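Subject: Structure handover

Hello,

Here is the structure for you to take over. My notes on it follow below.

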Amino acid sequence: MNAKDLEERYMLPVYPRRDIVLVKGKGAKLYDEKGLEYIDLASNVGVSNIGHANEHVARAIYEQYLTLGNCYSIFYNPVRARLAEKLLSLAPGRLKKIFFCNSGAEAVEGAIKFARASTGKTGIIATMRGFHGKTFGALAATWGPEYQKPFAPMLQGFTHVPYNNFMKLKESVNEETAAVILEPVQGEGGVRIGDKDFFQAVRDLCDSEGILLIMDEVQTGFGRTGTLFACEQFVEPDLLCVAKSLAGGIPMGAVLCSEAAHVPVKSHTSTFGGNPLACAAALASLEVVEKEGLVEKARSLGSYLLDGLRAIRSDKIREVRGLGLMIGIELKEKAGPYVQALMEKGIIVLLAGPNVIRLLPPLVIAKEEIDQGLKVLQEVLSGE
Ligand SMILES: *Cc1c(COP(=O)(O)O)cnc(C)c1O
C-alpha cells in the first residue's frame, strides 16, 4: 500500500489533508513520489526558514549525535550553554534568561505558567483570531470555538479582546491580570499585522500595572518578518516564545524571559528541553541565517513579492498585506479551491482562515522561484 492509503488507515484523522505524498526537499523546492517538483511557499508553516536539506545543519546534527545526543538539563552541557548565550545576545535587551522546550505550544504553555508564578495573579488577556497552539494552556489562549469546544471546559482566567484595539484591551484589565499575550503578526488568524501604536500602548499599560507582556513569535521568529525577531519592530516583551524554525527543522521551542520571571526550582521542566542535538541544530541554523543574510533577504524579497502580488489584476483579491516574507492574500471568496489549484500547478501555499492565502516561503528562496510563484498566482487568481 502507498503512503496515502497507509496513513488514511492508521493515522488519527485530525489533519485536513492535501492529496500529495512529499518525499524530498532541497532549498525552496519539494518533490513528490512521482518526482514532480513544487516551489515551497509554505515552509511547513514557518519551520523551514533556512530551506530543506541544509548541509551545514545536517552535519551539525550528525556530529552532535555521535558526540552526545541527549543530556538532561540537570547536567550542564557546552552546546546548550552556547545556544543560551547566543539567543540571549541576539534577543531584545530586557530578555536575560531562557527556558528550552520542544514545540510552540509548549513555549506558550511555559510562558503562561511563568507569568502566573511570577506575578501571583491568574488572568491572561489574549486576542480574537489569536493562535497559540493546542495544548490545554495554549488552547485557552487560542481563539476559536472549533478548537476549544470539543475539549471543554477550558483552563480558567482567559479573556479575548479584539486585536489592535487598545481601549477594549484596557477595559478588560483588572487586579487579577497576570499577562497579555500577543502575536506581532497574527499568522493563523489571517496574516494580520500588529499596529505599532497599539503595541506601544500595551507595553506602557503593562509597565504601569505590573502586567507581563508575552509575545508569541513561534511563527514570526528568526528573520521571517525582516528582522530576526518581529518584536524588534514593535516593543520588547517580558516573555518571548519561539519554536518553529529555531532549530532548522528539528523540534525545539524556547521561552526567553526578562528579570520579572521568577519560577520555583523543579516547578517547570522538560525531559527533552535543551537536548544537545536540538541545540546543535539551532546553533548551526542561526549560523546559516547569519552567513546567508536571510534577515535582509526576507526584507528585500518580501517587498519584491508584495509588490508583485499587488500588481496582480484580479477582482477576486480584497487585499494583499505582509511583513517581510510573511504575506496574506485576502480573497473575496473561499481560498481553499485556489490553494488546491496552485498545488496542481506546482506551488505550495497555506490557508490562514477561510479567505486568506498565506505565503511563508523559505527565506533562502531564489528570486526566480518567487517569479515563478508570482506567474502561477497570477494565472490562478485572474482565471487566465
Ligand atoms: C504554530 C504556532 C504555535 C504552536 O506551535 P506547535 O509547535 O504547533 O505547538 C503557537 N503559536 C504560533 C503563533 C504558531 O504559529
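The lining of the second largest pocket divides by class into 15 nonpolar, eight polar and four charged residues. Here Ala, Val, Leu, Ile, Met, Phe, Trp, Tyr, Cys and Pro count as nonpolar, Asp, Glu, Lys and Arg as charged, and the others, Gly among them, as polar. This is a predicted model, in which local features need pLDDT of at least 70, side-chain atom pairs count only at pLDDT 80 or more, and totals for chains, interfaces and linings use all residues. Residues are numbered from 1 along each chain as its sequence is written, and side-chain values use heavy atoms, with hydrogens and water left out.

The second largest pocket holds about 860 Å³ of space. It has 27 lining residues, and those closest to its centre are Ser-73, Ile-98, Phe-99, His-268 and Thr-269. The elements that give two or more residues to this lining are α4 (78–90), β4 (95–101) and β12 (253–258). Of the elements, β4 gives the most, with five residues. Helices (H or I, at least four residues) and strands (E, at least two) are DSSP runs, numbered from the N terminus.

Pockets and cavities were found on a 1 Å grid over the protein atoms alone: a cavity is a set of points where a 1.4 Å probe fits but cannot get out, and a pocket is an open set with protein on both sides within 12 Å along at least five of seven lines. Lining residues have an atom within 4 Å of a point. Grid points are joined across faces, edges and corners, and a volume is the space filled by probe spheres set on the points.

A search of the whole structure gives one cavity of 30 Å³ or more. The volume of the largest cavity is about 30 Å³. Its lining consists of Asn-49, Ile-50, Phe-222, Ser-245, Leu-246, Ser-285, Leu-286 and Val-289. Five of these residues are nonpolar, three are polar and none is charged.

Val-47 lies in the loop between α2 and α3 (55–68). Its C-alpha is 7.7 Å from that of Leu-246, although the two are 199 residues apart in sequence. Leaving out residues up to four places away in sequence, Val-47 touches Lys-244, Ser-245 and Gly-249; contact means heavy atoms within 4.5 Å.

Next, the backbone. Most residues other than glycine have a negative phi, and most peptide bonds are trans. Ser-43 is not a glycine, yet has a positive phi of about 50°; Ser-43 is in helix α2 (residues 43–46). The peptide bond from Ala-152 to Pro-153 is cis, with omega near 0°. Pro-153 sits in the loop between α7 (145–148) and β6 (158–161).

Axes are lines fitted to C-alpha atoms, for helices over the stretch in contact, and angles run from 0 to 180 degrees between N-to-C directions. Angles under 35 degrees count as roughly parallel, over 145 as roughly antiparallel, 65 to 115 as roughly perpendicular and the rest as oblique. A crossing is left-handed if the near helix is turned anticlockwise from the far one by less than a right angle, and right-handed if clockwise.

α4 and helix α10 (residues 276–291) pack at an angle of about 40°, their axes 9 Å apart, and are therefore oblique. Their crossing is left-handed. On the α4 side the contact is made by Val-79, Arg-80, Arg-82, Leu-83, Lys-86, Leu-87 and Leu-90, and on the α10 side by Pro-276, Cys-279, Ala-280, Ala-282, Leu-283, Leu-286 and Glu-290. By class this contact has 10 nonpolar, no polar and four charged residues.

Helix α11 (residues 294–310) and α13 have axes 10 Å apart and an angle of about 20°, so α11 and α13 are roughly parallel. The crossing is right-handed. Leu-301, Tyr-304, Leu-305, Gly-308 and Leu-309 of α11 make the contact with Lys-367, Ile-370, Asp-371, Leu-374 and Leu-377 of α13. These divide into seven nonpolar, one polar and two charged residues.

Helix α12 (residues 336–344) and helix α13 (residues 367–381) have axes that come within 10 Å and cross at roughly 130°; α12 and α13 are therefore oblique. This crossing is right-handed. Tyr-338, Ala-341 and Leu-342 in α12 meet Val-376, Leu-377, Val-380 and Leu-381 in α13. The residues of this contact are seven nonpolar, no polar and no charged.

Regards
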